[in-house]
Amino acid sequence: MRVALFLTCVNDTLYPDTGRAVVKLLTRLGVDVDFPAAQTCCGQAHYNTGYRHEAEPLARHFADVFGGYDAVVTPSGSCGAMVRELYPRMGERARSEGRGDGLAAVLAPVVPKTYELTEFLVDVLEVTDVGAYYPHRVTYHPTCHGLRSLGLGERPLRLLRAVKELELVELPGADECCGFGGTFALKNADVSAAMGADKVRNAESTGAEVLCAADNSCLMHIGGTMSRLRTGMRPVHIAEILASTEEDPAV
Amino acid sequence: MSGTFVGMPAFPAAARAAVRDTTLRGNLRHATHTIRAKRARAVAELDDWERLRQAGKRIKDHTLRHLDRYLEQLEESVTAAGGVVHWAADADEANRIVAELVRATGETEVVKVKSMATQEIALNEALEAQGIHAYETDLAELIVQLGKDRPSHILVPAIHRNRGEIRDIFTREMGAWGRPAPEGLPDTPADLADAARLHLREKFLRAKVGVSGANFMVAETGTLVVVESEGNGRMCLTLPETLISVVGIEKIVPTWQDLEVFLQTLPRSSTAERMNPYTSMWTGTTDGDGPRVFHLVLLDNGRTDTLADEVGRQALRCIRCSACLNVCPVYERAGGHAYGSVYPGPIGAILSPQLRGTGSEIDASLPYASSLCGACYEVCPVAIDIPEVLVHLRERVVEGGEAVREGSKVRLRPAKGHAAERAAMRAARWALSRPGALRAGQRLASRTRRLHPRTLPGPGRAWSGTRDLPPVPAEPFRDWWQRTRGGKDGAK
């Protein structure tokens, strides 16, 4: 199976540790993962801000870069949802604008083979115990696109429960949005910040050291709020927890 | 009532004030979280909920597709049952029709059933200008009217008030409108309800004209349906001699049997009840029973324009249950008034910019009043994909394009104030279409990382005012991958 890592532009630029963790984890599980260097961005920020036509060339580029692989794995619920839920919609909209089936046809092949990381682990590799070790108290925040668009459900929790020495504590109001929302965080900064502060308060109430999620964009917002409020908690991407082992533990 | 929404500031500015109002935040948090949990329990009782939801969606879509036919059928049925049907293209026309109908009775007072359509057209203000007093009889609408306030929720318009505030409003204002509140009124719910009951009873018994909306209109029989909890609606619908109902044209269902779906999904979604306490249904007029004269004013007011939009038309499926408001994290913090419309929350954010167009500052800002978390879509009993419509309307704001306004095709120009954003999006698209450009940008960011400020200037302050920036790493992932061949050569 030819597996490609779609790291996402945000992770590539700001969170290379998450990328290294995905590579380490998948390699340990026997997957020979490739990082096609031509990859850039799925176009989600453009699409969700109302620039669907600007997002189209990025979607075409994505299909071009990843078309030749059997599976595309991404450590981002929202970028995964962009490909799986919104690429087909972009194709449909182009069709209804009288531009034919071209875009739909180009995008269709990559849609079903794009997986969010925890989906790929649980559904494709069929593992829940990935041999990880992480001796910390952790609470899990299900990000909205992972939860509602992709329907990740229990997958991330099953993976976390199998991690040795990890104490998983339930996050109150877990399914409430953290307030990131892409450009929402800038356009409605006050509401976004209020949502973030409430999320952080709920996280703090668990007594966990680490708030874990499967999307670094949300973690950038939650983590930025945590450090501004000097909570002492830290945000960690689930890939970094699952990649951590007794021999080579993540700090 | 003094409350109209003309000249509202854009959503972010209005929301900013609400976020800082700790009493309001507390009231809304308590109310929305309580109803949210109750709704979830009420819905979980039905193992065929998802099928009911899809059935509701299908019935509404079918009706909207053949709306012309069903409207004519409804007109025939209502007329045959003794009612008189009027057609109103917009708010002004509807208000004019109602005012003329009231004036023809010689009365100067009407009692009102809670109705979103009459709020939408600001009927009370229009009647007042003609010397006709309209009395709201729904408890929460009464609180809003007495408090010279504006509604902030579809189902519970006074959700932003706590009981202490309500006691004060009753004590201060009831006397000027009719029977005053009892001396030393406490703020317990039962006492407040009692005071309202005594105050309203006088109005019910005196009124000769009732004004209502309707939750549903059955095309095959001409029957109108009002679903409520308090019984005030039943009073207004049965005691007066003349009943005038103002109803949006999208409220039709084809057959009586279609009601079986909505009479299950609406109460569970709105008040978390298996069945609402009062369901009133009437078909034209009946001698010796209820109003002797019945007028139905069918209201368009932007609905036909909305129907013309392939993506946006699903908003017309809405049955006004307000489940989307109760789960919305943005509504919970911004409050209903920030939406600048009688339709607040997620549904308001897609309905108002379609019914009114995106020309005003507030309407152009509403599609952005969401983090696109999708909680609204998940609870919607007619499966309106609100995030999809929000993004579609954002596109209309920034790109302009074809739309239908007042029945004619128009070409909308992109909204003002998005030029810098548009340029940034184009530049980002250009760079992101070229891996080399992305890489150059990443390297520049990494090499200058010690020079980056902790807080951002200009629009970036919106981020760094409340959140620290993530540190830029020493090298982007792609450089690590290239340098170590994905870690295969052992380097870290």
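Predicted model: local features only at pLDDT ≥ 70, side-chain atom pairs only at ≥ 80, totals over all residues.
Residues are numbered from 1 along each chain as its sequence is written, while chains are lettered from A and ligands numbered from 1 in the order in which they are written.

**Helix 9 and helix 10 of chain B**

- The axes of helix 9 (residues 163-177) and helix 10 (residues 189-206) of chain B come within 11 Å and cross at roughly 30 degrees. Axes are lines fitted to C-alpha atoms, for helices over the stretch in contact, and angles run from 0 to 180 degrees between N-to-C directions. Helices (H or I, at least four residues) and strands (E, at least two) are DSSP runs, numbered from the N terminus.
- The crossing of these two helices of chain B is left-handed; a crossing is so named if the near helix is turned anticlockwise from the far one by less than a right angle, and right-handed if clockwise.
- From helix 9 of chain B, B:Arg163, B:Ile166, B:Arg167, B:Phe170 and B:Met174 meet B:Pro189, B:Leu192, B:Ala195 and B:His199 of helix 10 of chain B. Two residues are in contact if their C-beta atoms, placed from the backbone, lie within 7 Å.
- By class, this contact has 6 nonpolar, 1 polar and 2 charged residues. Ala, Val, Leu, Ile, Met, Phe, Trp, Tyr, Cys and Pro count as nonpolar, Asp, Glu, Lys and Arg as charged, and the others, Gly among them, as polar.

**The sheet of chain A**

- Chain A has an open sheet of 4 strands in the order 2-1-3-4, with parallel pairing; two strands pair if DSSP finds at least two bridges between them.
- Strand 2 (33-34) and strand 4 (114-116) of chain A are the edge strands, and each pairs on one side only.
- Strand 1 (residues 3-5) and strand 3 (residues 71-74) of chain A run parallel and are joined by 3 bridges. A:Ala4 has A:Val72 in strand 3 of chain A as its bridge partner.
- Helix 5 (residues 77-99) of chain A packs on the sheet and touches strand 3 and strand 4 of chain A. The direction of helix 5 makes about 155 degrees with that of strand 4 of chain A.

**Domains**

- Chain A is assigned domain 1 (3-124) and domain 2 (137-243), the bounds coming from an automatic or database domain assignment. The C-alpha centres of these domains of chain A lie 22 Å apart.
- In chain A, 26 residues of domain 1 are in contact with 22 residues of domain 2.
- Chain B is divided into domain 1 (1-417) and domain 2 (430-484), whose C-alpha centres lie 47 Å apart.

**Where the chains meet**

- In chain B, 51 residues are in contact with 56 residues of chain A. Helix 19 of chain B gives the largest share of the side of chain B that touches chain A, 6 residues.
- By class, that side of chain B has 29 nonpolar, 9 polar and 13 charged residues.
- Helix 11 (residues 189-205) of chain A packs with helix 1 of chain B at an angle of about 40 degrees, with their axes 8 Å apart.
- In this pairing, A:Asp190, A:Val191 and A:Ala194 meet B:Pro12, B:Ala15, B:Arg16 and B:Val19.
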